[in-house]
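Visitor: I've got a model open on my screen and I'd like to learn how to read it. Could you walk me through a few features?

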Amino acid sequence: MEKIDLAIIGSGPAGIAAAIYALRRGLSTRIFESEAVGGQAAKAVFVENYPGFAKLTGQELAQKMQEHLASFGLEIEEGNGVAKIKKTGKEFELELENRQKFAAKTVLLATGTENRKLGLPGEKEFYGKGVSYCANCDGPFFRGKKIAVIGGGNSGVTNALYLSEMASKAFLVEFMPELNCDEIYLPLLAKQKNLEILKNTQLLEVIGKEKVEAIRAKDRKTNSEKKILLDGIFIYAGLSPRNGLAKQLGARIDEKGFVKVNANMMGSIEGFFAAGDITGGLAQAVWAAAEGAKAALEAYNYIKGMQK
């Protein structure tokens, strides 16, 4: 069983920033990732608020972070995440999806979040058949077609802008009376002539046979319902924390499922740290990177304290 100082679970901005800081402090470090590198940040159609880059795609940002990490000699193995975790004595035991085992003095959970499901009729049945949670991944398949984006926050709005550039017709559906996005996006939305905004509207059902054909929605003010013919629907209705490993360890989580940490980014278990979206803070790449850096430095201090 290979023994390391710090096991980082997750390769978004929090995990990568943590690895860079840990390696600079001389900690033996590994990153374990069950999916693709970059986390939610990699799915962004564009990023305009990360210092140093005026505008780039989420995938470009993730690639630059990965290249920075590689300069320290650490590569991320995608598709081989942590399946099991437990603490035995002063060490954590990790078993990967390929059954390989590691022992770590400290663990940093940076698993982030996943797109929240609405639980509507047809949503699960038509996933991959017109229902998507990633415009950056699936948008090009809907060029020249009719689509709807569900959710009027920053994620929904930016993806609606992106998709409306290629779709013949786009709808932005928001449950609340007003959009909940940054003001900078409002004039951009107004310029998109093929984009129709439906506020105060509740999505009721995804309709189709072999693929998405329409949605059924209700005007929350008048209670009137209507059927909108569509080829695809992109859902951005918030995020749910990926807290399965935290639960395995028995770490404390809050009522929304986010991992509770103290001022040093340590959870309720000695040597267990968490950073990024999984802690329930501001869901921004720059915030996650800052938390990851802090967590790595605190893990270093913790390990040095163990050696005294």
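Guide: We'll go through a sheet, a helix, a pocket and a single residue. This is a predicted model, where local features need pLDDT of at least 70 and side-chain atom pairs count only at pLDDT 80 or more, while totals for chains, interfaces and linings use all residues. Residues are numbered from 1 along each chain as its sequence is written, and side-chain values use heavy atoms, with hydrogens and water left out.

Visitor: What is the strand order in the open sheet of 3 strands?

Guide: In general, strands of a sheet pair through backbone hydrogen bonds, either parallel or antiparallel. Here the order is 11-12-13, with antiparallel pairing. Strands are DSSP runs of E, at least two residues long, numbered from the N terminus, and two of them pair if DSSP finds at least two bridges between them. Strand 11 and strand 12 (residues 212–219) are joined by 7 bridges, and Gly208 sits opposite Val212 of strand 12.

Visitor: Why is one side of strand 11 and of strand 13 left without a neighbour in the sheet?

Guide: Strand 11 (201–208) and strand 13 (225–229) are at the edges and have a single partner strand each, so one side of each has no neighbour in the sheet.

Visitor: On to helix 4: how many of its residues are buried?

Guide: Buried means under 20% relative accessible area, exposed over 50%, and partly exposed in between, with a 1.4 Å probe and protein chains only. Helices are DSSP runs of H or I, at least four residues long. In helix 4 (residues 154–164), 8 of the 11 residues are buried, among them Gly156, Val157 and Leu161. The cover over these buried residues includes helix 3, strand 8 (146–150) and helix 5 (186–191); contact means heavy atoms within 4.5 Å.

Visitor: Which residues lie nearest the centre of the second largest pocket?

Guide: A pocket is an open set of points on a 1 Å grid over the protein atoms alone, where a 1.4 Å probe fits, with protein on both sides within 12 Å along at least five of seven lines; lining residues have an atom within 4 Å of a point. Lys43, Asn115, Lys117, Tyr127 and Tyr133 lie nearest the centre, out of 16 lining residues. Strand 6 (113–115), strand 7 (131–132) and helix 3 (135–138) each give two or more residues to that lining.

Visitor: And Leu239, what does it touch?

Guide: Leu239 lies in strand 15 (residues 239–241) and counts as partly exposed because its relative accessibility is 26%. Not counting residues up to four places away in sequence, Leu239 touches Gln40, Thr113, Glu114, Asn115 and Arg116.
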